[in-house]
Amino acid sequence: MIKIKPIMKLKITLLLLLIALGQLSFASAFKLPIDTAIKYGNNPSAGKYADIRGFKMYYETYGTGEPLLIIHGNGGSIVNFLYQIPYFSKNYQVIIADSRAQGKSVDPTDSLSYEMMTDDLNALLDNLHLKSCYVIGWSDGGINGLLLAMRHPDKVKKLAVTGANLWPDTTAVDPFVYNWALKMNIKVSDSLKKIKAPSPKLKNELKLLHLLTYEPHIKVTDLNKITCPTLVIGGDHDVILPKHTMLIAQSIPNSYLWILPNSGHSTPIFYKGQFNAVVGDFFSKPFRKIDGFGRFQ
């Protein structure tokens, strides 16, 4: 039989944001020096379930102030933002959920798309009676953030995305990473067909792997619809090619671009201090157009 472990290894390599291998926490898997007093992603005092569009979405809230929605990446969960939650909850009401078919938000159906997850998040905000919020998205969460600003523009005050892509090919994704993911997807899909009764967990993992390999499909012109101020972030050695990150920023009318040197895909973890400070500064200050002689500043 197919084991889950190779798939999980693949996504850890690609995204560096999975919760674990087996029962290990994200922190212990990467030996990150964190305060484990608060069990992010498994905190009874902060966690609730909401009936959202046919499944129960698990979410946690922290802090007070203006609402801030944080969105994790493929195969991840709330715990992936263990460095952002305590920082931003000092000034914001942080809302962070396990996306459909991930973490504690179990969804046994076969279909999954970024558009579905985006509409789930919009429904969660409606459920919480929030008319608009600030948004942070990492990797697949960045894709969801872009789609949220396009599909539900009234919900997003300001948007910060890191490691997002518009389509799944080697013009957007590092060729080594893309080809490895594609080969793994084909291999696992072919093997799954030979199993008479694959487990729900295995089918779910394949569903996420398929999403990672074959989606999204966002047109550059669609980004012109994003009206909120947007900070587009990427590493100079990101899984997502810097030229693609630049294309995203250039296609959003009110955007800033931040490419981190000597950085890969996991800016919220390995550059947590800079990430938090820059995103926090972006949220707290008015967006400014830089034209004419302003470009000399």
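**Labels against numbers**

Tutor: Start with helix H5. Its buried residues are Asp140, Gly141, Gly142, Ile143, Asn144, Gly145, Leu146, Leu147, Leu148, Ala149 and Met150. Keep in mind that this is a predicted model.

Student: What makes H5 a mostly covered helix?

Tutor: The count does. Of its 12 residues, 11 are buried. Buried means under 20% relative accessible area.

Student: What do those buried residues pack against?

Tutor: Strands E3 (66-71), E5 (133-138) and E6 (156-162), plus helices H4, H7 (200-214) and H8 (242-251).

Student: How do you know that the length of H5 agrees with its residue count?

Tutor: Take 1.5 Å a residue. The 12 residues should then span 16 Å, and the end C-alpha atoms are 16 Å apart, so the two agree. The expected span uses one less than the number of residues.

Student: Why is the contact between Asp119 and Arg151 called a salt bridge?

Tutor: The cut-off is 4 Å between a side-chain nitrogen of Lys or Arg and a carboxyl oxygen of Asp or Glu. Here the N to O distance is 2.8 Å, so the pair qualifies. The bridge links distant parts of the chain: Asp119 is in helix H4 and Arg151 in helix H5, 32 residues apart.

Student: Are these two partners buried or exposed?

Tutor: Asp119 has 15% relative accessibility, so this residue counts as buried. Arg151 has a relative accessible area of 40% and is therefore partly exposed.

Student: What makes Arg100 and Asp120 a salt bridge?

Tutor: Their closest N and O atoms are 2.8 Å apart. Arg100 lies in the loop between E4 and H4, and Asp120 in helix H4, so the pair ties together parts 20 residues apart in sequence. Both Arg100 and Asp120 are buried.

Student: How many salt bridges does the rule give?

Tutor: The count comes to 10. Among them is Asp222 with Lys225, at 3.5 Å from N to O. Salt bridges that share partners also join Arg53, Arg100, Asp107 and Asp120 into one network.

Student: How do you know that Asp98 has no salt bridge?

Tutor: Look at the nearest side chain of opposite charge. That is Lys104, 6.6 Å away.

Student: What does the side chain of Asp98 reach instead, in the backbone of Lys104?

Tutor: The backbone nitrogen of Lys104 lies 2.7 Å from a polar atom of that side chain. Asp98 itself sits in the loop between strand E4 (92-97) and helix H4 (114-127). Its contacts beyond four places in sequence include Met57, Tyr58, His72 and Ser105.

Student: Why is Thr230 called buried?

Tutor: Its relative accessibility is 0%, so Thr230 counts as buried. This residue lies in strand E7. The side chain of Thr230 reaches the backbone oxygen of Cys228 at 3.0 Å.

Student: Which residues have the most contacts inside the largest nonpolar core?

Tutor: Leu69, Leu124, Val135, Leu146, Leu159, Leu223 and Ile226, in a core of 41 residues. Leu159 touches Val135 and Leu146, among others. A second, separate core has 29 residues, including Tyr40, Ile78, Tyr83 and Phe282.

Definitions and conventions: Residues numbered from 1 in each chain as written. Predicted model: local features only at pLDDT ≥ 70, side-chain atom pairs only at ≥ 80, totals over all residues. Heavy atoms only, no water. Helix = DSSP H or I, 4+ residues; strand = E, 2+ residues; numbered from the N terminus. Buried < 20%, exposed > 50% of the residue type's maximum accessible area, 1.4 Å probe, protein only. Lys, Arg positive; Asp, Glu negative; His and termini not counted. Polar contact = N/O pair within 3.5 Å; in protein donor to acceptor, adjacent residues only side chain to side chain. Contact = heavy atoms within 4.5 Å. Core = buried A, V, L, I, M, F, W, Y, C linked by side-chain atoms within 4.5 Å.
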